[in-house]
Amino acid sequence: MPEYPRLTAKEAEKLLLRSGFVFDRQKGSHRIFISKNYRMVLPCHAGEILHPKIIKQLFEVIDEAENR
């Protein structure tokens, strides 16, 4: 299992935008980004580190979107 970096929501958002995702909408503290057929929901709480499962999902969806 690869070791993923610890990221804040702001850092994760930058990764998504660089990978071709666009900001779609926001509901409360959750921002939704889309790219073609992929969607990533990112909980945005200022300064907090994202849960490792969310970071894993982030890298998987970026990889899927780029390799499609």
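**Helix packing, sheet arrangement and aromatic pairs**

In helix H1, the buried residues include Ala 9, Ala 12, Glu 13 and Leu 16. Because these residues cover an arc of only 105° around the axis, they sit on the same side of H1. An α-helix has 3.6 residues a turn, so residues three or four places apart point the same way. Lys 10 and Arg 18, on the other side of H1, are exposed. The cover over the buried residues of H1 includes strand S2, strand S3 (38-43) and helix H2. The model described here is predicted.

A polar atom of the Ser 19 side chain lies 2.9 Å from the backbone oxygen of Leu 15. The side chain of Ser 19 also makes a polar contact of 3.4 Å with the side chain of Glu 66. When neighbours within four places in sequence are left aside, Ser 19 is in contact with Ile 62 and Glu 66.

The strands form an open sheet of three, in the order S1-S2-S3, with antiparallel pairing. S1 and S3 are the edge strands, each pairing on one side only. On average, and with direction ignored, neighbouring strands of this sheet are turned by 25° against each other. Five bridges connect S1 and S2 in the antiparallel sense, while S2 and S3 pair in the antiparallel sense over six bridges. H2 lies across S2 and S3 and runs at about 155° to S3. S1 and S2 form a hairpin with two residues between them. Within the turn of this hairpin, Gly 28 has a positive phi of about 70°.

Aromatic contacts were then considered. Two aromatic pairs are counted. In one, the ring centres of Tyr 4 and Phe 59 are 5.5 Å apart and the planes are at 15°, so the pair is stacked; the limit for stacking is under 30 degrees. This pair links distant parts of the chain, 55 residues apart: Tyr 4 belongs to the segment before helix H1 (9-18) and Phe 59 to helix H2 (residues 52-67). Tyr 4 is partly exposed, with a relative accessible area of 25%. Phe 59 is partly exposed as well, at 26%.

Phe 23 and Phe 33 form an edge-to-face aromatic pair, with 5.7 Å from centre to centre and 70° between the planes. Phe 23 lies in strand S1 (residues 22-27) and Phe 33 in strand S2 (residues 30-35), so the pair ties together parts that are 10 residues apart in sequence. Phe 33 is also the bridge partner of Phe 23 in S2. Phe 23 counts as partly exposed, at 43% relative accessibility, whereas Phe 33 is buried, with a relative accessible area of 0%.

Key:
Residues numbered from 1 in each chain as written. Predicted model: local features only at pLDDT ≥ 70, side-chain atom pairs only at ≥ 80, totals over all residues. Heavy atoms only, no water. Phe/Tyr/Trp six-rings, centres within 6.5 Å; stacked < 30°, edge-to-face > 60°. Helix = DSSP H or I, 4+ residues; strand = E, 2+ residues; numbered from the N terminus. Buried < 20%, exposed > 50% of the residue type's maximum accessible area, 1.4 Å probe, protein only. Arc of directions from axis to C-beta. Contact = heavy atoms within 4.5 Å. Polar contact = N/O pair within 3.5 Å; in protein donor to acceptor, adjacent residues only side chain to side chain. Pairing = 2+ DSSP bridges. Axes fitted to C-alpha atoms, helices over the stretch in contact; angles between N-to-C directions.
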